[in-house]
Protein chains: 2
Amino acid sequence: MEPKDKSKFPLVVIAGGGFGGMQVARKLKDMPVDVLMLDKHNYHTFQPLLYQVAIGSLEADSIAFSLRKNFAGQKNFHFRNTEITKVNPEKNTVDTTIGEISYDYLVIATGSTTNFFGNKDVEHFAMPMKSIPEALNLRSLILQNIEEAVLLNTKQEREPYLNFVLVGAGPTGVELAGALAELRNHILARDYPELQKEHMKVYLVDFMPKVLGAMSAQASHAAKEFLKGLGVEVLVSEKVESYDGNEIKFEDGKSIRTKNVIWSAGVMGVVPKGLSKDIIERGNRIRTDGICRVEGSSNIFAIGDVAAMITRDTPKGHPGVAQVAIQQGNYIAKTLMQLINGEPTEPFKYFDKGSLATIGRNKAVADLGKLKFQGFFAWLIWMFVHLVSLLGFRNKIVVFINWTLSYLTYNGGARLIIRRFVQEAVPEGHSPEGDG
Amino acid sequence: MEPKDKSKFPLVVIAGGGFGGMQVARKLKDMPVDVLMLDKHNYHTFQPLLYQVAIGSLEADSIAFSLRKNFAGQKNFHFRNTEITKVNPEKNTVDTTIGEISYDYLVIATGSTTNFFGNKDVEHFAMPMKSIPEALNLRSLILQNIEEAVLLNTKQEREPYLNFVLVGAGPTGVELAGALAELRNHILARDYPELQKEHMKVYLVDFMPKVLGAMSAQASHAAKEFLKGLGVEVLVSEKVESYDGNEIKFEDGKSIRTKNVIWSAGVMGVVPKGLSKDIIERGNRIRTDGICRVEGSSNIFAIGDVAAMITRDTPKGHPGVAQVAIQQGNYIAKTLMQLINGEPTEPFKYFDKGSLATIGRNKAVADLGKLKFQGFFAWLIWMFVHLVSLLGFRNKIVVFINWTLSYLTYNGGARLIIRRFVQEAVPEGHSPEGDG
């Protein structure tokens with residue numbers, strides 16, 4: 001059933017139901033356009049809380065929200081559970097897993113995925129955490145490896161199962177490190193009487209000289225102190241050389257025996273085929289002009305993590321954060337209507353609302369414009385911001401209850417191994433010893 | 001790490017953390033025994049609400065509870081996340097996926113799995129719903145098939161994707177039929193504007209002449225009326241002949257084109273290898289004497305769905321319901337201590353507390369001893385009983401909130417396709433046309 005039937009309105013195809021795509025569709029409500037959203041998942045993922053799914057503190061369903069349910073009742077909205085495989089700008093169509101779809105306007109909001117920077121060994125053996133299935137795999141792996149450790153008799157044998165190495169000390173790495181340290185400090189010995197807290201180690205590694213490199217010096221310093229206080233070993237200016245599933249090696253010769261490497265050291269845009277390679281910027285992002293329009297096109301736009309708006313003011317584009325995607329989503333909905341109506345447009349301006357990161361119970365760091373503060377109040381702000389941003393009334397209550405109980409009992413989270421994680425076999429012609 | 005180290009107490013190995021196994025471990029708290037529970041899952045599953053996971057009304061984590069977390073603090077309790085592969089009664093050991101484990105007393109509480117009665121075609125193509133992964137697979141399949149239907153243009157093409165055939169009209173089938181009918185009546189056209197309620201059909205099939213055959217005539221009659229009121233087509237005295245993934249055929253020549261066959265027509269015990277075939281009763285259950293002791297053994301016991309206590313009073317054993325497992329769990333903990341202490345034992349007596357089944361909003365049937373009633377009050381009782389039985393304070397609240405919101409909005413449930421369900425290829429040498 002072709003959703004454009006009988007309508008004479010222009011069709012806006014939105015590729016991706018993340019923060020950006022959602023916002024475009026929402027703002028086009030009641031406008032004289034038809035909206036068709038395509039996403040390979042039938043839900044929106046609230047990525048900032050993925051790490052709490054990975055650690056078993058929140059169930060997946062609380063940070064996901066059905067895209068159909070969210071837009072039920074928006075008359076000009078249609079959804080297809082599919083993935084764009086190719087854009088055909090000359091025909092104004094996209095190829096998808098369910099066939100070719102025509103558009104009048106295309107908004108590419110496909111987001112980003114984990115960037116392993118070409119290191120095939122790391123890509124094969126380390127765990128990414130950019131989607132709900134990936135977070136659930138990680139949850140299973142963490143719990144399976146603790147179960148394995150219970151069966152082993154010596155420190156030497158147990159070590160690789162209980163060493164957790166998080167590569168990338170951005171907000172994701174920092175928050176996951178804090179959560180793992182809380183698991184170690186409060187839950188490990190209680191749930192696994194065979195083990196002691198000292199058996200488990202959490203390492204946070206970055207090749208840059210500080211944690212939370214994108215935040216202020218105060219935030220970075222405080223975060224590092226908070227992490228140390230929780231017992232996390234912070235290793236900065238440390239570049240990963242290889243990982244074979246058993247031992248991670250760094251360029252300076254250091255190494256850690258571990259079965260748990262979690263990679264949040266970089267992202268890259270998810271760019272559909274069919275676009276000129278000349279317009280792909282660093283980080284696999286699509287170059288756009290100041291009104292989010294893909295260079296060389298009149299009716300294709302790109303927003304959020306997959307876009308690099310290269311202008312005099314933003315020579316490197318914008319940071320890959322939810323706020324940029326949301327603001328560009330709002331902006332492009334307005335600008336599209338202006339273009340359709342032949343009205344003048346104004347260039348996009350990003351308003352930086354600031355950054356937050358939490359590090360375990362009671363502690364967070366906040367850079368809100370000139371206001372920079374760390375500690376308990378920042379933690380309250382962090383919780384408030386995440387709760388109100390979460391989609392769906394049910395999700396807000398359920399997350400609030402989970403957090404409250406975790407706070408009161410020091411023992412939140414279900415920690416279930418629903419589907420066992422099984423490492424895929426090493427691809428043929430690929431040396432597990434690592435040369436990449 | 002062998003949990004029996006340093007202890008001189010007898011070791012009670014409990015195979016399975018279901019309703020029965022949990023109860024044994026709980027009642028052995030503070031007793032002079034060591035308890036080792038083995039389960040292939042690291043959580044207890046509240047099976048009565050599995051159908052709500054399958055329909056997308058409840059998240060999996062709400063009806064599961066970590067076994068380690070539940071017994072954290074019980075000093076004589078240890079857990080291993082493994083499966084028994086074989087019992088070696090002559091050596092007093094069990095083989096498991098993590099090696100051989102010795103026991104002084106063994107309680108087999110491994111429960112039951114879906115019984116396809118030898119029909120390999122049905123087993124391959126129909127969906128079982130006895131575990132959380134199975135319920136999640138079913139959830140994905142239901143949602144994927146509705147998404148498929150959206151893409152098709154004719155009634156003829158859509159039909160198999162939107163026909164739901166539930167085989168087995170016990171409580172599971174009846175409750176799932178009610179929930180699917182509610183989805184059809186209140187959610188389908190809202191979430192999928194391309195579809196109308198009339199496009200979807202729910203069939204409930206049983207080879208017996210009535211639904212809820214194990215309950216009273218009043219309950220059975222009322223349930224059938226409730227189901228009809230919701231638009232469910234009830235087909236009784238209808239025996240399945242074959243199912244090839246596209247069409248289900250019955251022995252009387254009737255057939256239904258469907259991609260969705262959910263099988264809850266029977267269960268069979270999950271019996272580990274190593275026991276004599278002579279003691280396996282109908283339904284693959286282990287024959288025990290009146291004190292739950294496996295026939296021919298002095299220190300192996302079986303309780304719950306996997307057991308058939310064959311005595312003069314119970315020539316066919318007990319029904320496969322949670323109450324039997326719970327009461328036998330309680331009983332065997334007490335009886336084990338009596339045996340260990342050389343005290344006299346008393347035979348097990350089952351106290352039938354009655355049965356409940358719900359059929360959509362506001363409606364349920366209840367047989368509580370001589371008290372038999374149907375409708376709204378039965379529905380309140382059903383909810384109350386399930387809420388208080390659910391393990392964990394968090395789970396109780398989260399389920400309560402989900403139910404309240406679903407009740408108020410007619411639109412509960414997240415309905416996420418987290419992992420796509422992919423039908424496995426037909427095994428070699430197996431004809432999908434079906435001869436079994």
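**Entry 1: where the chains meet**

I started with the contact between the chains: 37 residues of chain B are in contact with 37 residues of chain A (contact means C-beta atoms, placed from the backbone, within 7 Å). This is a predicted model, where local features need pLDDT of at least 70, side-chain atom pairs count only at pLDDT 80 or more, and totals for chains, interfaces and linings use all residues. Residues are numbered from 1 along each chain as its sequence is written, with chains lettered from A and ligands numbered from 1 in the order in which they are written.

Next I asked which elements of chain B supply at least two residues each to the side that touches chain A. I found strand E4 (64-66), helix H3 (67-71), helix H5 (132-150), helix H7 (171-191) and H11. These are DSSP runs numbered from the N terminus (helices are H or I with at least four residues, strands are E with at least two). H11(B) gives the most, with six residues.

I sorted that side of chain B by class and got 20 nonpolar, six polar and 11 charged residues. For the classes, Ala, Val, Leu, Ile, Met, Phe, Trp, Tyr, Cys and Pro count as nonpolar, Asp, Glu, Lys and Arg as charged, and the others, Gly among them, as polar.

How are the copies related? A rotation of 180° with 0.0 Å of shift along its axis superposes chain B on chain A, with an RMSD of 0.0 Å (least squares on C-alpha atoms of residues with pLDDT of at least 70 in both copies). The two copies are thus related as by a two-fold rotation axis.

I also checked the interface residues of chain B: 100% of them are interface residues in chain A too, so the copies meet through the same surface. Val398(B) is the residue of chain B that comes closest to the rotation axis, its C-alpha lying at 3.1 Å.

**Entry 2: H11 against H11**

Then I looked at the H11 pair. Helix H11 (residues 393-409) of chain A packs on helix H11 (residues 393-409) of chain B at about 165°, with the axes 11 Å apart. Axes are lines fitted to C-alpha atoms, for helices over the stretch in contact, and angles run from 0 to 180 degrees between N-to-C directions. That angle makes H11(A) roughly antiparallel to H11(B) (the term covers angles over 145 degrees).

Which residues meet? In H11(A) I listed Arg394(A), Ile397(A), Val398(A), Ile401(A), Asn402(A) and Leu405(A), and they meet Arg394(B), Ile397(B), Val398(B), Ile401(B), Asn402(B) and Leu405(B) in H11(B). By class, this contact has eight nonpolar, two polar and two charged residues.

**Entry 3: H5 and H6 in chain A**

Inside chain A, I checked helix H5 (residues 132-150) against helix H6 (residues 155-162): they pack at about 175°, with axes 8 Å apart. H5(A) and H6(A) are therefore roughly antiparallel to each other. Asn145(A), Glu148(A) and Ala149(A) in H5(A) meet Arg158(A), Tyr161(A) and Leu162(A) in H6(A).

**Entry 4: domains of chain A**

Last, I noted that chain A is divided into domain 1 (11-114 + 267-340) and domain 2 (120-265), with bounds from an automatic or database domain assignment. Their centres, taken over C-alpha atoms, are 32 Å apart. 14 residues of domain 1 are in contact with 18 residues of domain 2. On the domain 1 side, H2(A) has the largest share, five residues. That side has eight nonpolar, six polar and no charged residues.

Definitions and conventions: Angles under 35 degrees count as roughly parallel, over 145 as roughly antiparallel, 65 to 115 as roughly perpendicular and the rest as oblique. Two residues are in contact if their C-beta atoms, placed from the backbone, lie within 7 Å.
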